[in-house]
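Hi,

Here is the structure I promised to pass on.

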Amino acid sequence: MTDGVAVQVCDLRMSYGATQVLCGVDFEVRYGEVFCLLGPNGAGKTTTLEILEGFRRPTAGTVRVLGLDPAAQAARLRERAGMVLQECGFPRQARVAELIDLWRTYYPNPRPLEDLLEVVELAEARNTQVRKLSAGQRRRLDFALALAGDPDLVFLDEPTTGFDPEARRRCWAAIENLRRLGKTVLLTTHYLDEAERLADRIAILRAGRIELTGTTREVAVLGGLATRISFTTPAALRRGQIPLPAGIDLAVRGSESVCHSGNPGMTLRLLLDWALRHSLGDLDGLAVTAPSLEDTYLQLTGSGPGLSQAGGDRP
Amino acid sequence: MTRSVRLAMGQALIEQRSFWRSAEYALFTFVFPLMILLLIGAANVGSYLPGTHIKNTTVFVPGILAFGVIVAAYVNLGSKVAVLRHDGVLKRIKTTPLPSAAYLGGLLASTVATAILLAAGTGLIGWLAFGALPRPGGLLALTGGLVLGIVCFGSLGLAISSVITSAESAGPVTYASFLPIAIISGVFDPTFGGLPAWLSHLVDLFPVKSLAQVLQNAYAVRPFPAWDLVNLGLWAAAGATFAVWRFRWHS
């Protein structure tokens, strides 16, 4: 193991003709973590993954996966990395357990069949013909095949795109099982809730560049968004009987008062001092909300409020 | 190397199992040629080629042998690979450490097995029902002809799979691209004739008639089919070249 890093990407660039798809991507995936490459469609997620999987040779930059160069050592990589591509069919006449068993013969140290069926929750469907599986079950069979060789690392390219909520939930459960097995997982998605729910760390990829990397919390903070502090507007404040707290940009919106702060500790102290002075107690309904990944993401991808509005009231 | 061979054999077994499980493949591949053999064969019992002492069935049975080889090697392999590619199964295989040669070797071995079974079935029925047997010393020519036919039409099958753009059109395209040629090559009718000269020459250029004549030579003494052997070799080489040039693991 190279310094606990399963995947290392340095200044990765990719062009198709004159179109630059990746413009210098850097990130690392550590052993045992679930790492999510989050970004809108067309950001370059799949291209990045295909380079890491050894299907494409990058225009420039270095890539190491499990200490290997994917383009040059594809065969060795495939013994140790499982790959779930976006859309990939099964042989038409195959049955679930039979197909998994066939896949197991491709690898030097396969996982036991029963174990695989259990991890992806397909034990009851073991004798079902593949073409009779639901979309969610097919995806979980994808997982089982990718896990057949007991890989150290699993690539998942947009694992739940187009699924109904129940199918997504079961898919997520299967990915949680991968984490429990100690697998390193690199997944791409354009779903925020998926990244937030599954990932230990996230990189936001937009237009071929990594905008931010870190834990969900770090990404939100790095995004430069403020913590939201809100409380029920005290009656005295609403009637204008007491002044607004000094040094805080407080917005009174009917029954709720809201402010945003980059330094929530200080703001809270000021607020509570003010409340004490005006005999408002501990402020009913006081809530401190960390900036969410969604806020950061929407702002970065240009579909949400910008920084200038961070201090204002947002829905 | 031995591991690749073992993997290829395992793949071939799985292919055979799924072949026999699938009505569309197994039925069309086996029932169609054998049905034609029995029906048209029955119509030719007791007839002789005009002006000769050669029974119609000794020419017709090897003609159906050729037809069977083409169905098993060309239609089956061609549409199978096209469907596998279109469904993304070939792409999925590339995510595993299975060597490409082992996978394709397994597909080809399964195709060869199907072709041999079909040829054996055709030969057996031709013998039992119509008394058609290879001429004395013709067994070697028969074996050689079958091998050459499987190689030639197998490589043409791989080649056409790269031209097929959807899974739905795989069967129709493979059948439609040889059935008309098979008909005007006289595969189904030992007394077939009367083509305009230019069309007759054109048919000679296709490998269907060549394979039929090579196999007919193993049943009834006819002029040594030198041109037909060369023609099959040329088509095999052309098919293999095109297949290698155009082969893709994804659609």
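**Two domains in chain A**

Let me start with a distance: the centres of domain 1 and domain 2 of chain A, taken over C-alpha atoms, are 41 Å apart. Domain 1 covers 5–214 and domain 2 covers 224–309 of chain A, with bounds that come from an automatic or database domain assignment. Before you read on, note that this is a predicted model: local features need pLDDT of at least 70 and side-chain atom pairs count only at pLDDT 80 or more, while totals for chains, interfaces and linings use all residues. Residues are numbered from 1 along each chain as its sequence is written, and chains are lettered from A and ligands numbered from 1 in the order in which they are written.

Where do the two domains of chain A meet? Eight residues of domain 1 of chain A are in contact with five residues of domain 2 of chain A; "in contact" means that the C-beta atoms, placed from the backbone, lie within 7 Å. On the domain 1 side, helix 7 (192–198) and strand 8 (201–206) of chain A are the elements that give two or more residues. Helices (H or I, at least four residues) and strands (E, at least two) are DSSP runs numbered from the N terminus. By class, that side of domain 1 of chain A has five nonpolar, no polar and three charged residues. The classes go like this: Ala, Val, Leu, Ile, Met, Phe, Trp, Tyr, Cys and Pro are nonpolar, Asp, Glu, Lys and Arg are charged, and the others, Gly among them, are polar.

**Around strand 8**

Strand 8 of chain A pairs in the parallel sense with strand 3 (residues 34–38) of chain A, over four bridges. Pairing here needs at least two DSSP bridges between the strands. A:Leu37 stands opposite A:Ala203 in strand 8 of chain A. Strand 8 of chain A also pairs with strand 9 (residues 209–214) of chain A, this time antiparallel and over five bridges, and A:Leu205 stands opposite A:Ile210 in strand 9 of chain A. Strands 8 and 9 of chain A form a hairpin with two residues between them, and A:Ala207 in the turn has a positive phi of about 50°.

Strand 10 (residues 227–232) and strand 12 (residues 256–261) of chain A run antiparallel and are joined by six bridges, with A:Val258 in strand 12 of chain A as the bridge partner of A:Ser230.

**Cores**

Of the 133 residues in the largest nonpolar core, A:Cys36, A:Ala144, B:Val69 and B:Ile70 touch the most other members. A core is a set of buried Ala, Val, Leu, Ile, Met, Phe, Trp, Tyr and Cys residues joined through C-beta atoms within 7 Å. Buried means 20 or more other C-beta atoms within 10 Å of a residue's own, exposed means 12 or fewer, and partly exposed is in between, with C-beta atoms placed from the backbone. Helix 3 (residues 56–87) of chain B gives the most to this core, with 19 residues. A second, separate core of eight residues includes A:Ile229, A:Phe231, A:Leu271 and A:Leu283.

**Chain B against chain A**

How many residues of chain B are in contact with chain A? The count is 15 residues of chain B, against 17 residues of chain A. Helix 1 (2–21) and helix 4 (89–93) of chain B each supply at least two residues of that side of chain B, and helix 1 of chain B gives the most, with five. By class, the side of chain B has five nonpolar, six polar and four charged residues.
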